[in-house]
Amino acid sequence: MTIKTDDTNYYREKILREAPETEPERQLYFCERVREIVKERYGGEATFHIETYGCQMNAKDSEKLAGLLLQAGFREAETENADFVLYNTCTVRENANQKVYGHLGYVHSLKNKRPSMLVGICGCMMQEAEEVEKIKKSYRFVDIIFGTHNIFKLAELLFDRLTTGHMEVDVWEGTTEVVEDLPAERKYPFKSGVNIMFGCNNFCSYCIVPYVRGRERSREPEDIVAEIRKLAADGVVEVMLLGQNVNSYGKTLDSPISFAELLRRVEKIDGIERIRFMTSHPKDLSDELIQVMKESKKICRHLHLPVQSGSTEILKKMNRRYTKEQYLDLVDRIRAAMPDISLTTDIIVGFPGETEEDFEDTLDVVRKVRYDSAFTFIYSKRSGTPAAAMENQVPEAAVKERFDRLLKEVQQISSEVCCRDLHTVQPVLVEEKNSHMDGYVTGRMGNNTLVHFPGDESLIGAIVDVYLEESKGFYYMGRQEV
Ligand code: SAH
Ligand code: SF4
Ligand code: F3S
């Protein structure tokens, strides 16, 4: 069949009339239609490139987007010099947005040389009306704009763009829909992220995520377990369960279930050797979860437990719903159950109203908990969040000075803590060939620490015992025990 896509009206209407109404069938149908159009317009295979910003949720979404594009007849390209370039954006801090605009300038110059090129933007930034307006007005060369709730519709949006010739803008306010069973392209053959829930209901006062990712929705445990079984059959040994606050998983399901119970079910899946999860909100971390972790052979001894601030006063203004003492008490209970656990955190410096005394409380928590590592952020004002309207925004110079002090403290402690397993044998999941040293491979311990040791590619994806010979601060050099 030759497709007269120029004769768009007739063709478009016929295709739309025949499209299935249920998902995922509808999207698979549009993948095939796009494949036909791409074949005709691009003389065979076209290429795509996705630039991903932000957190693990976005990384996972990009794997789904890539899966759809492969199904629609595109092939992946390493760089933005491709037929379709898609930016999956983050807006959690101002500098995340700025990076995207930098890239848009560059891709515009590429598109000037390659007029058939398509450019798309999706993700969290597109859930903000003012950003969409800015692109519609000043970045007219962009072809497709969509948000976080309808990534599953990529093929249909591409079809619309290719058959109408207009900029295609489709951003949803929210959704209750979770579309299962669409193709996804995994970045690693041996490990995979698995969404267990979407959105967030916590409304920490500084954070834009609840506005751009919508209300919290949990997937059915049966769907999660089925997906992980399939991954295991496909060679995956490590899963990372993903949610903005995994500890509140399952509470709103018709048959409610706890996160700890979900972990028990995932533990039983043959072939899965390691289970990780992100992120735990301290206010919802239950004793049941601590117990399940303690008894588990598969759940990694690592908890990312964002503290954000050590000051009870600031935590209250942040709407975190725990105090400094409650947080420290939680850490004590976790360590009592699992003395070898590695703890990591996120910290914000310069939240409105933060005094030197508040900041000292943050340093105090850092010194008491002794994190393996900490992500430190300078507070960024996000429009529409309650904190943006708060008075007493901290002067930039004070924030910078505190940030530097915090970073120094965090790095010092981290270099002391990270070498605690020196001269022991630890299981390491081999992830890749070492890019700096020939004849070496790189892998991760259960607590996420990197280990480099002599070995070849045949080890990739295997969990092997490695003797940790030398600590380099944030990673080890080792040798395989045979
Ligand atoms: N749901 C996760 C975090 C998602 S955002 C949680 O609650 O832990 C990742 C991190 O970005 C947050 O933990 C916080 O430290 C940081 N962050 C979020 N909003 C921010 C803002 N407005 N300014 C600076 N850092 C911010
Ligand atoms: Fe943002 Fe708080 Fe939700 Fe995390 S828990 S995503 S910091 S609102
Ligand atoms: Fe960024 Fe969205 Fe994640 S704002 S941090 S990509 S949920």
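**Stop 1: the cysteines**

Select Cys204 and show its surroundings: leaving aside neighbours within four places in sequence, Cys204 is in contact with His281, Met318, Asn319 and Arg320 (contact means heavy atoms within 4.5 Å). Before going further, keep in mind that this is a predicted model, where local features need pLDDT of at least 70 and side-chain atom pairs count only at pLDDT 80 or more, while totals for chains, interfaces and linings use all residues. Residues are numbered from 1 along each chain as its sequence is written, chains are lettered from A and ligands numbered from 1 in the order in which they are written, and side-chain values use heavy atoms, with hydrogens and water left out.

Where is Cys204 found? Cys204 sits in the loop between β8 (197–198) and α7 (209–213); helices (H or I, at least four residues) and strands (E, at least two) are DSSP runs, numbered from the N terminus. Cys204 is buried, at a relative accessible area of 8%. Here buried means under 20% relative accessible area, exposed over 50%, and partly exposed in between, with a 1.4 Å probe and protein chains only.

UniProt, in an unreviewed entry, lists Cys200, Cys204 and Cys207 under "binding site". UniProt positions are given in the numbering used here, feature names are shortened, and annotations may be inferred rather than shown by experiment.

**Stop 2**

Colour residues 46–163, which the unreviewed UniProt entry labels "domain: MTTase N-terminal". The end C-alpha atoms of that span lie 17 Å apart, and the span is 47% helix and 21% strand.

Next, pick helix α6 (residues 154–164): how many of its 11 residues are buried? The count is 10, among them Glu156, Asp160 and Arg161. Step past the helix to Gly165, which follows α6 and has a positive phi near 80 degrees.

Keep α6 on screen and bring in α2 (residues 25–41). The two pack at an angle of about 40 degrees, with their axes 8 Å apart. Axes are lines fitted to C-alpha atoms, for helices over the stretch in contact, and angles run from 0 to 180 degrees between N-to-C directions. That makes α2 and α6 oblique to each other; angles under 35 degrees count as roughly parallel, over 145 as roughly antiparallel, 65 to 115 as roughly perpendicular and the rest as oblique.

For side chains, show Phe30, Val34 and Ile37, which are among the α2 residues meeting α6, whose side includes Leu158, Phe159 and Leu162.

**Stop 3: α8 against α9**

Switch to α8 (residues 221–233) and α9 (residues 259–267), whose axes come within 10 Å and cross at roughly 30 degrees. So α8 is roughly parallel to α9. Pro221, Glu222, Ile224, Val225 and Ile228 in α8 meet Leu262, Arg265 and Val266 in α9. These residues divide into six nonpolar, no polar and two charged.

**Stop 4: Lys324**

Finish on Lys324 in helix α12 (residues 324–337). Is Lys324 buried or exposed? Lys324 is buried, with a relative accessible area of 11%. Not counting residues up to four places away in sequence, Lys324 touches Gly310, Thr312, Leu315, Asp361, Asp364 and Val365.

Notes. Ala, Val, Leu, Ile, Met, Phe, Trp, Tyr, Cys and Pro count as nonpolar, Asp, Glu, Lys and Arg as charged, and the others, Gly among them, as polar.
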